[in-house]
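User: I have a model to go through with you. Can we start with the strands and then move to a loop?

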Amino acid sequence: MRLGKITQAAWNRSVRKPLKKKQCTVGKMAWEQKCAELEQQIQRTEQSQKTEQDQKIETGRMTVWSTASAGGKNANVGAYAVIKAAGELASQKVMAEGVSIHAILPEQMQEEDVKHLTDTVGELCKKMNLEICQIQVETSSFVTQMVVTATAVGEKKSTAIREQEMTVAGEELLLCGYAGLEGTLRILDESEEELGTRFVPVFLEKAKLLREKLVLPDQILSVKEQVSDIRQIGSGGILAALWELGEELQTGFDIDFSKIALKQETVEICEFYQLNPYLMTSAGSFLLVTGQSEEVIACLAEQGVSAVRLGCMKDQNARVIKNGEETRYLDRPAADELARWWKEHA
């Protein structure tokens with residue numbers, strides 16, 4: 001493909017036309033117009049009657065953004081970028097309403113790759129009821145693989161004081177989804193042929209179906225009223241997410257390492273490449289802090305989402321991980337294993 005933005009003809013063939021078939025809205029309004037529309041909705045919002053105590057708190061609505069990137073040779077990376085961006089908004093208890101996508105491709109990629117990108121993103125956004133406000137596609141000599149950046153936008157209630165000022169000591173810590181799953185799927189996308197030298201086709205096809213196990217924003221937000229904190233598991237895997245959660249809440253915890261949920265396909269693919277799944281990116285999986293674990297687990301089960309108890313938050317600095325009779329303390333975040341895999345297999 002030529003350097004710079006793709007031609008209008010190619011954009012119509014491989015972006016607009018596929019999305020139109022999926023009944024996705026794109027190009028209907030520019031990104032700035034979408035944000036302006038949300039701002040107008042905010043201005044029209046009427047504040048409900050306040051109690052005497054509430055008079056001291058100014059409430060309204062504010063527009064929030066979240067940006068995430070994903071890179072790789074397989075055009076499925078566009079979907080992972082969208083999941084990450086929308087998941088980060090969900091971590092703020094915000095439902096994404098629109099998304100803007102910017103894809104940079106190496107010169108050797110073909111228009112068919114653009115169509116694949118559009119198909120996967122369009123299918124996902126339709127499933128998430130997410131409006132595609134804009135898609136930009138260009139090629140560059142500065143990249144050796146596809147890099148897709150997604151910016152999700154939504155609304156949240158704004159107040160003069162922080163929503164999260166409660167103590168979480170004594171509340172339970174849950175894992176929603178599976179550790180290392182996103183990284184596993186991305187390795188599978190990139191190295192299916194090599195994995196075929198070790199695993200039978202049935203195993204690989206079963207592994208591909210695990211995309212349905214990635215937790216979407218509407219599923220996690222179904223329990224937002226029952227949880228104190230939500231954190232998407234991103235770069236560095238679940239161990240990095242646990243560390244970041246403790247740092248943000250300024251608390252410790254006591255968890256059972258054996259309770260961390262892994263799919264067998266993740267275990268076997270990670271063993272093949274000698275990777276640690278607990279240090280591998282897992283967008284589409286979340287940590288939840290709640291004092292209503294039974295209700296949360298039951299509600300998520302109704303959404304088709306698996307959640308398990310890991311342990312409890314503690315009013316202490318120690319971040320304790322128990323594994324059978326072994327007890328250790330959580331280390332600072334290490335490098336992401338998917339990034340290491342890329343470095344070794346580029």
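User: In β9, what is the bridge partner of I230?
Analyst: The partner is L288. This is a predicted model, where local features need pLDDT of at least 70, side-chain atom pairs count only at pLDDT 80 or more, and totals for chains, interfaces and linings use all residues. Residues are numbered from 1 along each chain as its sequence is written, and side-chain values use heavy atoms, with hydrogens and water left out.

User: How many bridges join β7 to β9?
Analyst: 6 bridges, with β7 and β9 (residues 282-290) running antiparallel. Strands are DSSP runs of E, at least two residues, numbered from the N terminus, and two strands pair if DSSP finds at least two bridges between them.

User: And what order do the strands of the sheet take?
Analyst: The open sheet has 7 strands in the order β7-β9-β6-β10-β8-β11-β12, with mixed pairing. β7 and β12 (326-329) are the edge strands, each pairing on one side only.

User: Why is β7 called largely enclosed?
Analyst: Because 7 of the 7 residues of β7 (residues 227-233) are buried, meaning under 20% relative accessible area with a 1.4 Å probe, protein chains only.

User: Now the loop. Where is S140?
Analyst: S140 sits between β4 (131-139) and β5 (146-158). S140 is buried, at 13% relative accessible area.

User: Which residues does S140 contact, leaving aside neighbours within four places in sequence?
Analyst: L3, I104, L105, P106 and E107, contact being heavy atoms within 4.5 Å.

Definitions and conventions. Buried < 20%, exposed > 50% of the residue type's maximum accessible area, 1.4 Å probe, protein only. Helix = DSSP H or I, 4+ residues; strand = E, 2+ residues; numbered from the N terminus.
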